[in-house]
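Please look through the sequence and the structure shown below before reading on. The report that follows visits a few single residues and then turns to the way the chain is divided.

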Amino acid sequence: CPRRLRGSGWLLFLLVLAGAVWLCRLVTALRRLVGYWEIRSFYIRALGIPAEELCNHSWQSVQARLLALQRRQPLCVPRRELTELDIHHRILRFRNYTVAMVNKSLLPVRFRLPLLGPVVFLTRGLQFNLELLLFRGPAALFQNTWSLRPQVKRAGARRALARGL
């Protein structure tokens, strides 16, 4: 095996490339794991939910604890008073808009496969293009990361915006 690797530069290049991809994916997984650990720590320390009860709490109780925490110690939120709607707006952003568009059949991601039936399939490339077109591009629905453009909010202008899009 080492003799074949030394003799083929192409094979060595492919192995190095595969190792680099694997290393990038490992770093990404570790970063996500650290992020999940920070979220878990926030639930335990700031919201006062014991680790063994994390999976048993309802969203309403978590939200009530978050609102109480905001009243006691302001979080990094520009407004003094945090409401349930503010929490939902911060959580339900771009990804969930995409999920909602799939659920409402606005995005063509449902396919009928033999033996499996209907399947929802969204490639990374299509997802990237949709996010660029709908959320981050010049004709995006949002004027910044937190608020919709005023034209999108007017029901009468939506048909013209859809044609332009």
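Leu115 is found in the loop that joins strand β1 (110-113) to strand β2 (117-120), where helices (H or I, at least four residues) and strands (E, at least two) are DSSP runs numbered from the N terminus. The model is a predicted one, in which local features need pLDDT of at least 70 and side-chain atom pairs count only at pLDDT 80 or more, while totals for chains, interfaces and linings use all residues. Residues are numbered from 1 along each chain as its sequence is written, and side-chain values use heavy atoms, with hydrogens and water left out.

Leu115 has a relative accessible area of 92% and is therefore exposed; the word exposed stands for over 50% relative accessible area, buried for under 20%, and partly exposed for what lies in between (1.4 Å probe, protein chains only). The phi angle of Leu115 is near 70°, a positive value in a residue other than glycine.

| Pair | Separation in sequence | C-alpha to C-alpha distance |
|---|---|---|
| Arg158 and Ala29 | 129 residues | 40 Å |
| Pro50 and Trp10 | 40 residues | 54 Å |
| Leu15 and Tyr43 | 28 residues | 42 Å |

Several residues in the table can also be placed in the chain. Leu15 belongs to helix α2 and, at 46% relative accessibility, counts as partly exposed. Pro50 sits in the loop between α2 (9-46) and α3, and its relative accessibility of 30% makes Pro50 partly exposed too. Arg158 is part of helix α8 (residues 158-164), and with a relative accessible area of 45% Arg158 is partly exposed. When residues up to four places away in sequence are not counted, Arg158 touches Val152 and Lys153, a contact being heavy atoms within 4.5 Å.

Gly137 lies in the loop between α6 (124-136) and α7 (150-153), and Gly137 counts as buried because its relative accessibility is 17%. The C-alpha atom of Gly137 is separated by 11 Å from that of Leu165, which is 28 residues apart from it along the chain. Gln63, in helix α3 (residues 59-72), is buried as well, at 7% relative accessibility. Leaving aside neighbours within four places in sequence, Gln63 is in contact with Glu84, Ile87 and His88.

How is the protein chain divided into domains? There is a domain 1 (1-77) and a domain 2 (83-164), with bounds that come from an automatic or database domain assignment. The centres of domain 1 and domain 2, taken over C-alpha atoms, are 25 Å apart. Five residues from domain 1 and six residues from domain 2 take part in the contact.

Between them, domain 1 and domain 2 bury about 500 Å², of which 69% is on carbon and sulfur atoms; buried area is the accessible area (1.4 Å probe) that two parts lose on being put together, summed over both. On the side of domain 1 that touches domain 2, there are four nonpolar residues, one polar residue and no charged residues, where Ala, Val, Leu, Ile, Met, Phe, Trp, Tyr, Cys and Pro count as nonpolar, Asp, Glu, Lys and Arg as charged, and the others, Gly among them, as polar.
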